[in-house]
Amino acid sequence: MALGALGLKCFRMGHPAFRNYLAASIRPVSEVTPKTVHERQHGHRRYVVYPAVPVRHFVTKKAKVKGKGQSQTRVNINTALVEDIINLEEVNEDMKSVIEALKDNFNKTLNTRTSPGSLDQIAVVTADGKLALNQISQISMKSPQLILVNMASFPECTAAAIKAIRESGMNLNPEVEGTLIRVPIPQVTREHRKMLVKLAKQNTNKAKDSLRKVHTNAMNKLKKSKDTVSEDTIRLIVKQISQMADDTVAELERHLAVKTKELLG
């Protein structure tokens, strides 16, 4: 009977799943409140101090999802329990901001119907660095076929503004009259639609680059805790962050698909 119990104990301690559970659940003894119990030995009472069961639950949910022909385990870490290591909510917000920036870019600059707002964020190279066109000019709609860009406030930037508009990828050919830039709105052709789709893909790739920076910054913050946090805890947090990044990429791709369909009509 004793041999059977010993064998069961060895199996539990040796089984990978059991070891992983322990690694993900326990915290250092220094964080545990001791527990005092008493027992009798040879008719005498004695007191012994044992540490209370050291449990720290990082994972609040696990679920298997299918993807690319195989099941994948998702984790959902309780952010409050690891906030002393890394602020996962802040990382999540940074990733969401990448999605919002792409959506804003799609709405303002990638439309089959050119509007004054489409020119707002065109980057113009000036002596003070790159500035948005709407920061150095007044943009208005003269007619459904013509947009006016008034450079009277920054006349020295007129040439740079014309260059930026022409190279914006929106198939625009500006004309200048002093400090007034006239931008005829081109007819929407099939070629123009395809060019807008190409721009949408380029902007999506730029968004993915921004996402990689968020991911890298999070990893760098996590590395600072390597000496004070267990490897298994670090592994769990890395998996959570990578999972968040994968979800963000999927969302970016979804917005690109929707925009592509809209642009191609």
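Reply: Gladly! Let's begin with a pair of strands: β9 (residues 175–177) and β10 run antiparallel, joined by three bridges. Helices (H or I, at least four residues) and strands (E, at least two) are DSSP runs numbered from the N terminus, and two strands pair if DSSP finds at least two bridges between them. This is a predicted model, where local features need pLDDT of at least 70 and side-chain atom pairs pLDDT 80 or more, while totals for chains, interfaces and linings use all residues. Residues are numbered from 1 along each chain as its sequence is written, and side-chain values use heavy atoms, leaving out hydrogens and water.

Me: Which strand joins β10 through five bridges?

Reply: That is β8 (residues 146–150), also antiparallel to β10. Ile-181 turns up again here, opposite Val-149. In the whole open sheet the order is β7-β8-β10-β9, with antiparallel pairing. β7 and β9 are the edge strands, each pairing on one side only. Ignoring direction, neighbouring strands are turned by 25° against each other on average.

Me: Which residues of β10 are on its covered face, and which on the uncovered one?

Reply: Ile-181 and Val-183 are on the covered face of β10 (residues 180–184), while Leu-180, Arg-182 and Pro-184 are on the uncovered one. Helix α6 (residues 158–166) lies across β8, β9 and β10, at about 10° to β10. Axes are lines fitted to C-alpha atoms, for helices over the stretch in contact, with angles from 0 to 180 degrees between N-to-C directions.

Me: How do I read a pair of packed helices, such as α3 and α7?

Reply: Two packed helices are described by the angle between their axes and the distance between the axes. Here the axes of α3 and α7 come within 10 Å and cross at roughly 170°. The contact (heavy atoms within 4.5 Å) includes Val-91, Met-95 and Phe-106 of α3 and Ala-200, Ala-207 and Ala-218 of α7.

Me: Is Ala-200 buried or exposed?

Reply: Ala-200 has a relative accessible area of 0%, so it is buried; buried means under 20%, exposed over 50%, partly exposed in between (1.4 Å probe, protein chains only). Beyond its neighbours within four places in sequence, Ala-200 contacts Phe-106, Leu-110, Leu-256 and Leu-263.

Me: How many residues are in the largest nonpolar core?

Reply: A nonpolar core is a set of buried Ala, Val, Leu, Ile, Met, Phe, Trp, Tyr and Cys residues joined through side-chain atoms within 4.5 Å. The largest has 33, and Ile-86, Leu-222 and Ile-241 are among those with the most contacts inside it. β4 (70–77), α3 (88–109), α7 (190–223) and α8 (231–264) each supply at least two of its residues, and α7 gives the most, with ten. Apart from it lies another core, of 18 residues, including Val-149 and Val-183.
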